[in-house]
Amino acid sequence: MNMTLRDPTTPSKLFHRKLGVELPAVASASGIYIRLKGGGEIIDASCGSAVSCIGHSHPRVVAALREQIGRLDFAYSGTYSVEPAEELADLLVESGKGAFSRVIYVGSGSEAMEASIKLARQYHVERGEPQRTHVIARRQSYHGATFGALSSGGHMMRRRIYEDMLPVSFSHVSPCYAYRGQGEDETVDAYTDRLAKELEDEITRVGEDKAIAFCAEPVVGAALGCVPAEAGYFKKIRSVCDRYGVLLILDEVMCGMGRSGTLHAWEQEGIRPDIQATAKGLAAGYVPLGAVLVSPKVVNAVLEGSGILNHGQTFQAHPLACRAGLEVQRVMQEDKLVEQGKGLGELLESRLKDVFGEHPHVGDIRGRGLFWALEFVKNRHTKECFPLEEGIADRVGKAAFEHGMAIYPGVGTSDGETGDHVIIAPPFTASDSEIEMIVERLKLAVTDILGG
Ligand SMILES: Cc1ncc(COP(=O)(O)O)c(C=O)c1O
């Protein structure tokens with residue numbers, strides 16, 4: 001096949017995220033590298049937005065997809081069941097060690113959260129509690145772009161122009177963000193007690209029997225920059241939810257599927273979700289795929305009630321998408337990539353701390369597994385943020401690109417309005433020397449914008 005890319009002098013007809021900016025055209029990608037048309041090789045140091053966890057062009061996934069498209073392209077999931085969807089569901093249920101008993105496939109992280117929230121509502125209706133109509137989530141979180149997912153998210157900038165249209169049946173409490181949220185003289189235990197109390201107060205404010213679910217990212221991704229919860233937080237949250245019959249929906253779209261050092265991020269918290277949303281690393285970007293992993297408690301409520309899932313989409317359980325997910329997850333298991341990613345993550349953490357630990361404008365270095373971020377501050381002691389107009393995170397991202405490396409910048413870190421961070425989330429298949437190279441290039445980029 002000889003595919004020519006469009007003449008770069010012709011303006012794009014694509015409604016890109018930023019208009020008036022010519023994006024570099026990609027010619028191909030393999031391993032941890034993206035090759036640009038006209039030359040130039042970019043290290044994919046954030047897997048886009050934590051997607052390409054086994055690297056690009058993996059021969060096993062390419063072969064599996066070729067085989068699948070030649071055998072079966074599509075069979076409507078309302079009428080048929082397809083093998084890759086069943087096999088991937090077996091694998092995912094098995095991975096939960098009893099936490100899940102069924103899987104719903106969707107096409108993205110937003111859809112996974114949308115379906116999770118709708119399923120949580122259905123659970124209560126099935127059990128004769130239709131008065132439950134309220135969802136509680138956290139500020140500085142991102143749960144997706146569709147209306148339900150956007151309403152649950154607390155990412156101010158992404159919500160702003162829709163704010164007046166978003167339903168009032170969603171409200172938000174504080175994230176577990178110790179760098180800025182924990183008082184100077186407050187212990188971790190007192191801090192997490194305070195956050196659990198805040199959730200409990202919010203549940204009782206809306207009405208003890210009114211809340212459907214509480215949504216949270218175990219490690220907050222794009223909105224906060226790789227912030228894991230403090231020890232004990234999720235256990236306290238889980239018990240508040242249980243006290244009021246509120247379901248716990250964990251959004252592992254970004255931090256899950258091995259990214260945080262265990263296949264499911266909650267495995268490190270000593271709790272289990274009632275419903276889990278997953279996407280990015282599930283099929284690693286080979287074909288869009290998201291999933292909702294559902295606990296026996298929720299499945300049984302539907303089985304014992306209507307017996308019908310009140311959520312369906314034309315392309316759910318698409319054979320090609322599920323085959324991609326299945327092969328990616330088999331590669332992950334057989335090549336022990338979660339363990340490998342954890343080891344690489346330890347190297348990344350120690351190199352980031354060596355290089356940036358004393359940097360006057362790096363306020364915090366945090367993360368888990370192979371999911372790390374730097375939060376930039378104007379003043380390390382006061383934690384004062386840079387003014388938004390200075391565009392620090394974006395500029396560091398652009399400088400990194402100039403040095404041949406793509407990272408994932410984010411803003412609004414501190415309070416939804418100001419604050420800058422960049423995320424480093426390389427493929428689990430990177431080598432030690434590639435991790436070293438990533439940190440070296442990041443150092444060059446940070447030095448370009450903020451000095452050494
Ligand atoms: C935690 C989280 N949830 C949901 C989403 C939405 O996923 P998608 O962009 O695939 O719709 C994202 C995307 O970045 C995310 O990071």
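User: A residue is buried if 20 or more other C-beta atoms, placed from the backbone, lie within 10 Å of its own, exposed if 12 or fewer do, and partly exposed in between; how many other C-beta atoms lie within 10 Å of Lys 210?
Analyst: This is a predicted model, in which local features need pLDDT of at least 70 and side-chain atom pairs count only at pLDDT 80 or more, while totals for chains, interfaces and linings use all residues. Residues are numbered from 1 along each chain as its sequence is written. Lys 210 is found in the loop between helix 8 (188–206) and strand 7 (211–216), where helices (DSSP runs of H or I, at least four residues) and strands (E, at least two) are numbered from the N terminus. Lys 210 counts as partly exposed because the number of other C-beta atoms within 10 Å is 18.

User: Is Ile 117 buried or exposed?
Analyst: Ile 117 lies in helix 4, and beyond four places in sequence it touches Val 135, Gly 148, Ser 152, Ala 213 and Ile 249. Since 28 C-beta neighbours are found inside 10 Å of Ile 117, this residue counts as buried.

User: What distance separates the C-alpha atoms of Ile 117 and Cys 215?
Analyst: Ile 117 belongs to helix 4, and Cys 215 is 98 residues apart from Ile 117 along the chain. The separation of the C-alpha atoms of Ile 117 and Cys 215 is 8.6 Å.

User: In which loop does Met 257 lie?
Analyst: Phi of Met 257 is near 50 degrees, which is a positive value in a residue other than glycine. With 31 C-beta neighbours inside 10 Å, Met 257 is counted as buried. The loop that holds Met 257 is the one between strand 10 (247–251) and strand 11 (275–278).

User: How many C-beta neighbours does Ala 284 have inside 10 Å?
Analyst: Ala 284 is placed in the loop between strand 11 and strand 12 (290–294). Although Ala 284 is not a glycine, its phi is positive, at about 55 degrees. Ala 284 counts as buried, because its C-beta neighbours inside 10 Å number 27.

User: Which residues of helix 14 meet helix 12?
Analyst: On the side of helix 12, the residues in this contact are Leu 344, Leu 347, Leu 348, Arg 351, Leu 352 and Val 355. Their partners in helix 14 are Asp 432, Ile 435, Glu 436, Val 439 and Lys 443.

User: Which residues of helix 3 meet helix 11?
Analyst: Helix 11 brings Pro 319, Cys 322, Arg 323, Gly 325, Leu 326 and Gln 329 to this contact. The residues of helix 3 that meet them are Pro 84, Ala 85, Glu 87, Leu 88 and Leu 91.

Technical notes: Contact = placed C-beta atoms within 7 Å.
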